[in-house]
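Here is a friendly walk through a protein model, meant for someone meeting structures like this for the first time. Keep the picture open beside you while you read.

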Amino acid sequence: MQYQNTMKVSFISKSQNEAFARVAVAAFVSQLDPTVEEISDIKTAVSEAVTNAVIHGYENGEGIINVSCTLTNNIVDITIEDKGVGIEDIKKAREPLYTSKPELERSGMGFTVMETFMDEVEVESIPGKGTIVRMRKKLNSLK
Amino acid sequence: MDIIYSVKRGNLIVKIYGEIDHHTSETIREKLDKEFKKQNVKNIIFDFSEIQFMDSSGIGVIMGRYKNAKERGGKIGVFNLQPQVERVFKLSGLHKIINQYNSLDEAISSLQ
């Protein structure tokens, strides 16, 4: 039988909410009883995506970030959406060590972390309209 | 988020309690740089035993401190990495330029 559950949270793009977002998603995913490692992978990936929305999407200004998470059996789907400036060149943004804001001492590893810790990462962005990051992870600890 | 400092044989030892993300990294960076300026030390050793979470913002913090230490002819050492932190560390390639140790004593004697 198929199990499905969904949650959505919206919050202002304050950097304090980065911790809130990753903990909220982790708490929701916990109902599947994943391993500690799986939970920390998801927390790290969510943290990266939300940080991107705060720093790059809204350029530290104010906007709304929508996070949703759907569980389908042992598959976790997460979307992080902002209505910020968008990404001109997604391919370049995803390159390891690339950062559009080198003055901020950013590592440029955000997308690489998401790609490493999740199974799939899709980025959809329209300059001037916003960005949606969709990530999927299969919890292999659950059969 | 708390930071405890100590100085041992020319090393600034930094123990951070809490999580390192974009939000906390700005405070950590500011506090560390202030302390490093104040102290007559070359190396910075991070005690990671109380850090349960770090994302790529932490990589930026360590890289920046690596540059500061290098300007004084010093290095960065880290010890007691928790599993999540260690994975971010490895994936970022930080382990290639930052030495990882099992204990403070090992870090101090290796960084001389």
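This is a predicted model: local features need pLDDT of at least 70, side-chain atom pairs count only at pLDDT 80 or more; totals for chains, interfaces and linings use all residues.

Residues are numbered from 1 along each chain as its sequence is written, chains are lettered from A and ligands numbered from 1 in the order in which they are written, and side-chain values use heavy atoms, with hydrogens and water left out.

Let us begin with chain A. It holds four helices and five strands; here helices (H or I, at least four residues) and strands (E, at least two) are DSSP runs, numbered from the N terminus. Chain B has four helices and six strands, and its pattern along the sequence reads β-β-α-β-β-α-β-α-β-α.

The radius of gyration of chain B is 12 Å, close to the 13 Å from the globule rule for 112 residues, so chain B is as compact as a globular protein of that length. This radius is taken over C-alpha atoms, and the globule rule is 2.2 Å times the number of residues to the power 0.38. For chain A, with 143 residues, a compact globule would have a radius near 15 Å, and the value of 15 Å for chain A agrees with that.

The table sets out some totals for each chain. Buried means under 20% relative accessible area, exposed over 50%, and partly exposed in between (1.4 Å probe, protein chains only). Accessible areas come from the Shrake-Rupley method with a 1.4 Å probe, and for residues only the protein chains shown count as cover.

| Chain | C-alpha box along the principal axes | Residues that count as buried | Accessible surface |
|---|---|---|---|
| Chain A | roughly 45 × 25 × 25 Å | 54% of 143 residues | about 7100 Å², 51% of it from carbon and sulfur atoms |
| Chain B | roughly 30 × 25 × 20 Å | 52% of 112 residues | about 5300 Å², 45% of it from carbon and sulfur atoms |

Contacts (heavy atoms within 4.5 Å) tell us how the chains fold back on themselves. Among contacts in chain A between residues at least 6 apart in sequence, 66% join residues at least 24 apart. For chain B, the share worked out in that way is 70%.

Charges are next. Lys and Arg count as positive and Asp and Glu as negative, with His and the chain ends not counted, and each charge is placed at NZ of Lys, CZ of Arg, CG of Asp or CD of Glu. Chain A has 16 positive and 21 negative charges, whose mean positions are 3 Å apart. In chain B, the mean positions of the 17 positive and 14 negative charges are 8 Å apart.

**A hairpin in chain A**

Now find strand 4 of chain A, residues 120-126. Its covered face consists of Val121(A), Val123(A) and Ser125(A), while Glu120(A), Glu122(A), Glu124(A) and Ile126(A) make up the uncovered one. Strand 4 pairs with strand 5 of chain A (residues 130-138) in the antiparallel sense, over seven bridges; two strands pair if DSSP finds at least two bridges between them. Which residue of strand 5 is the bridge partner of Glu124(A)? That partner is Ile132(A). Three residues lie between the two strands of this hairpin, where Gly128(A) takes a positive phi near 85°.

**Some loop residues**

Most residues other than glycine have a negative phi. Leu97(A) is not a glycine, yet has a positive phi of about 75°. You will find Leu97(A) in the loop between helix 3 (90-94) and helix 4 (110-117) of chain A, and its relative accessible area of 60% makes it exposed. Asn80(B), also not a glycine, has a positive phi of about 60°. Asn80(B) sits in the loop between strand 5 and helix 3 (83-92) of chain B and is partly exposed, at 33%.

Is Asn74(A) buried or exposed? With a relative accessible area of 15%, Asn74(A) is buried. It lies in the loop between strand 2 (64-72) and strand 3 (75-82) of chain A. Leaving aside neighbours within four places in sequence, Asn74(A) is in contact with Lys137(A), Lys138(A), Leu139(A) and Leu142(A).

Gly74(B) belongs to the loop between helix 2 (56-71) and strand 5 (76-79) of chain B, and counts as buried at 8% relative accessibility. Not counting residues up to four places away in sequence, Gly74(B) touches Lys42(B), Asn43(B) and Ala69(B). The C-alpha atoms of Gly74(B) and Ile44(B) are separated by 7.8 Å, with the two residues 30 apart along the chain.
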